[in-house]
Each structure stands twice: as structure tokens, then as C-alpha cells.
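This briefing is meant to be read beside the sequence and the model, and it moves from the whole chain to selected local features.

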Amino acid sequence: MNRKGYRKTLQEKVELSVAMDVRRRKVDGPGFQQAKSLERLARLLDQLGQACLDFTDIRALRAAPDKHFKPYAKLIRRIRKSLALVLINPEDANTRQGLKLGRRVAKLTASLDEVSGPADSDPGQVLHFQIHRMIHLLSEIADALLAANFGPAVRLQNYKQLRSAAHAFADESDSFGVERLALTRSGSTIAALRAEHEASSEVMAVYKEGQASKVLEEISGVDQWKKVYPKVAPSVISHNVEHEDELGSMVIEHLPGRTLESLLLNSQWDMAGILVNKLGKTLRKIWKSSSTREHAEPGYMQQLRKRLPETRQTHPDLFSEAQTICGLVRPDFNQLVDRAENLENRVRAPFSVLIHGDFNVDNLIYDELKDRIYFIDLHRASYSDYVQDLSVLMVSIYRLPLLDESARTEMRALVSQLYRFARRFAKSRDDASFDTRLAIALARSFATSTRFIYDKRFARRLALRASFLLESVTRLNPDKLETYRLPLEDIFSD
């Protein structure tokens, strides 16, 4: 208790040392992740120290009889002994120490669950909570020790599955590494599982962790694609889903190549053009082979209405209210959505196909060596209107943060290439309402994309395009819906 200030000083020293150390490290290197794990470990030890202080400073416990303390005294001694395992070493000792501490945590938790009697009194409940808090911090410390070797994607809960997956590809004596691949908006963990050889480090598989329901949806989506067009979907190697309301995980095949997003951000326009051309040929085969006679009803405006609260939370004043300009009345955005929803019922897609459901630039991979396209993140796969995938892809290209004029020109060319391909397909299938549906779908994608854009000026450009498209199609003569042509140049020019 007398050393509380010194404990804080030690933590600050660690934070300063780590800040100086990581400046000279590669972000994806082992030295960087070990330093960050040290910082996390110092923070957790400080929290554990504070938990001990809180434990001794609870007024309700001071007057409590000794009988309330006896069931917990042994647990407290075992927690103190467990701290001897907390060491950071440059070799595999971190992993061994973390796993040992994890086993201790499991035993401590089981012992705490067995303690009964005093927990039904106020002092007993407080004691129970404080001990539970300490054990939870020990569990996080064990995770920090594992992260010192593998990075933040590895924890006690998933280490065994990752090790089993690694040993399915390589000899058990070989070491393996885990490298985080993406920081997703949903909070899901996506990491590459690498075999660590003396000569090289090759990716063996991809580990994904997130809501169990989404993991199950993705497994189902992969199954659908495997039945219709197996060439584009990765294989699921293993999965772990115990309860739908908890975290689930899966290990999937690693697909070689580059995402369309990567090609665009690195100004590899020729390769991006080849990808889009290959994508058109692949989609034509998929749409033909999966086509059903059932009319597609994606409900674009229903999707938009569902996301509008989140969108308005990011930009409260982005979508227009009703206006009267020189006697001309312009409806507010909600009225446009209502009118477009009524229009959707008259321009339904004449058939359904298997769609990706989240067809963004980061979910398309092109393998140049094999000249093949792959799709990833398939948890939204369903039978619906092919225009939905097309609109999502076109807008995800447009909203990339490339503001150079030459880059915007190249991106417009890719969008135009996609549109021409899809329009040819629509014509071959007598899909007369293609352009009208595409306008509605694009409006939906432009509007919902603003929730990811924090540049107010750029978000307004997206919102204006959504309003313009909805206003254009809802003013159409009902008898001339099939003669409407999307003003592509106007929409995708800046």
C-alpha cells in the first residue's frame, strides 16, 4: 500500500521505454509485438495491484468476521504464487509461461466456483467479486504472454485450435507464427497462420474469429458457393462454434493473390483492369449457372432505412429536409426513400442468382499466376438480384480515399467497365428494368457508405449522389421505367 506511487512510476517507465522502442521497429515484426505485449502486461499488473488495494480497502470487510475470509485465504495465496509465472523472455518461454498460467487460471476459477456459504452475505459477495476480478486479470496476463510471441490475435481460448491447424499443414516440431491481416469494423479477428522455416515464412491458412452466428453464416455461405461455383470460394479447414451467442472461429484455406483494394491503393491500374475483366467473365458464368426463375426482391430501401439511424449518428445533418426553391418543392430524404420503395415493387428483377452480399473491393482476390478470381467473407451469400453486388462494388471503388485526379479517372474507367459488362448481361437476359434497379441500389450504397466516411465534404458528395438518383427515378413516368438510362458519367465524375 505504501508503494502505490512507485507502482505507477514503474508503469510509466515501461510505457516510455516501449514508445521509444517501437519507433525503430517494423509494425509487423516480432520485436514490435513483444514490446507492445510488455506494455499491456505492465498495465495489467498495475490493475492487479489496484485490485489488491481495493480488496484491503473495502469498508464492509473491516467489520466482517474471520469466517468470511477463510474460504478465500487459500485462493489469495494461490493467486500470489501464480504471479511467479509472469516473465517476459525472448524465446518460447513466453508461450510456456502463458499456458501454465492459463491452466492455473482454470483451476482457480473452478475453486472459486466451489466456494459457497459466505457468498450469500454482503461481505461474502464483495470478496467473491474481488477474487473473480483478480483471476480475470491473471487470464488477461496469460493472453499478454502468448501475444509476446504470436501477436494480439492469439489468446488462451484459441491457441489450441491455431496449433492444431498449424500442425495439420506442417510437422509438429516446426514452429508457427500468427500475423493479423486486418482490423475490421465488426471487431472480428482475421489473421494469417504461418509456418516458420529457417529459409522462409509461408502462409498456411487464415484464422477468423467473431460472433458465432456470423461464423455459421460464413460456413453456410461457403457451402452454397461450393455447390454452385466451387472455384471462387475458399475451403473451410476447421471451425469451433459451441454457442451461437458467444465467439466462434474458423480456419480457412489461404488464397494466393492480391485484393482489388490493394491494387487500386497501389495504383496498379493495368492489373486492376485485368481483374475486372476476369471478374466479368467469372460473374457471367456464376449468374448463368445459379439463375432461378424466382423474382428477386432485395428490398434496397428497406436495407437503407435499417442503416439510416447509424448513418445519421455519424452525420446528423447530411440528408436533406424538404425544401421550396422558387416555388419548386423538393421532398426530404425520407420521402424519397418511401417513393423509391413503392417503385421497387414495379421493377423487380426477373430472376434470382447467387450473390456475394458484401461485394467490396477488399473481398475480391486475383491470383495473377493462375489467372483466377476468388471471393472471401461469404457470410452474406444469398439468392437475390445481381444488381446488388454490382452496385456495392461500384460504390466501394468510388469511395476509396484516392483524391488525385488521374487516380479518379482510372477508377471511373473501372466502374464504367463493370457497368458495360453488366448491361450486356442484362440485355442478353431481357432484363429491361436493369438501369432503374441499379439507380436505386446505387442510391442505397452511396447513402449507407457515408457512415464510414468522416471527411464531411466527401460524405456530402456521396449523400448528394444518393439523393439525386432517388429523385431521378421517382420522377419517372411509370410507363417509361424501362427506357431509363443510368447517368453514369454524372454520377461517378467529381
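A contact means heavy atoms within 4.5 Å. By that rule, among contacts in the chain between residues at least 6 apart in sequence, 72% join residues at least 24 apart. The model is predicted, so that local features need pLDDT of at least 70 and side-chain atom pairs count only at pLDDT 80 or more, whereas totals for chains, interfaces and linings use all residues. Residues are numbered from 1 along each chain as its sequence is written, and side-chain values use heavy atoms, with hydrogens and water left out.

**Overall make-up**

- The secondary structure of the chain comes to 17 helices and twelve strands, where helices (H or I, at least four residues) and strands (E, at least two) are DSSP runs numbered from the N terminus.
- Taken along the principal axes, the C-alpha atoms of the chain fill a box of roughly 85 × 60 × 45 Å.
- Of the 494 residues of the chain, 48% count as buried, a term that means under 20% relative accessible area, with exposed meaning over 50% and partly exposed in between (1.4 Å probe, protein chains only).

**Helices**

- Helix H15 (residues 434–449) has 16 residues and reaches 22 Å from its first C-alpha to its last, close to the 22 Å expected at 1.5 Å a residue; the expected span is 1.5 Å times one less than the number of residues.
- H15 is also mostly covered, since 16 of its 16 residues are buried.
- Helix H13 (residues 386–398) and helix H14 (residues 405–428) pack at an angle of about 170°, with their axes 9 Å apart, the axes being lines fitted to C-alpha atoms over the stretch in contact and the angles running from 0 to 180 degrees between N-to-C directions.
- H13 and H14 are therefore roughly antiparallel to each other, on a scale where angles under 35 degrees count as roughly parallel, over 145 as roughly antiparallel, 65 to 115 as roughly perpendicular and the rest as oblique.
- On the H13 side the contact is made by Tyr-386, Leu-390, Leu-393, Met-394, Ile-397 and Tyr-398, while the H14 residues include Arg-408, Met-411, Val-415, Leu-418 and Phe-425.

**The sheet around S10**

- Three strands form an open sheet in the order S6-S10-S11, with antiparallel pairing; two strands pair if DSSP finds at least two bridges between them.
- S6 and S11 stand at the edges, each with a single partner strand, so one side of each is left without a neighbour in the sheet.
- Strand S6 (residues 258–259) is joined to S10 by two bridges, and the bridge partner of Thr-259 in S10 is Ile-365.
- Four bridges join S10 to strand S11 (residues 372–375), with Asp-367 standing opposite Arg-372 in S11.
- The hairpin of S10 and S11 has four residues between the strands, and Asp-371 takes a positive phi near 55° there.
- Both faces of strand S10 (residues 364–367) are covered, with Leu-364 and Tyr-366 buried on one side and Ile-365 and Asp-367 buried on the other.

**Salt bridges**

- The count comes to 24 salt bridges, each defined as a side-chain nitrogen of Lys or Arg within 4 Å of a carboxyl oxygen of Asp or Glu.
- The side chains of Asp-46 and Lys-8 meet in one of these, at 2.9 Å from N to O. Asp-46 lies in helix H2 (residues 30–56) and Lys-8 in helix H1 (residues 4–22), so the pair ties together parts that are 38 residues apart in sequence. Asp-46 is buried, with a relative accessible area of 7%, whereas Lys-8 counts as partly exposed at 34%.
- Glu-218 and Lys-208 also form a salt bridge through their side chains, again with 2.9 Å from N to O. Glu-218 lies in helix H8 (residues 212–228) and Lys-208 in strand S3 (residues 201–211), so the pair ties together parts that are ten residues apart in sequence. Glu-218 is buried, with a relative accessible area of 5%, and Lys-208 is buried at 12%.
- Arg-461 forms a salt bridge with Asp-494, the closest N and O atoms being 2.8 Å apart. This pair links distant parts of the chain, with Arg-461 in helix H16 (residues 456–474) and Asp-494 in the segment after helix H17 (488–492), 33 residues apart. Arg-461 counts as partly exposed at 28% relative accessibility, and Asp-494 as exposed at 52%.
- Arg-408, Arg-461, Arg-465 and Asp-494 are linked in a network of salt bridges.
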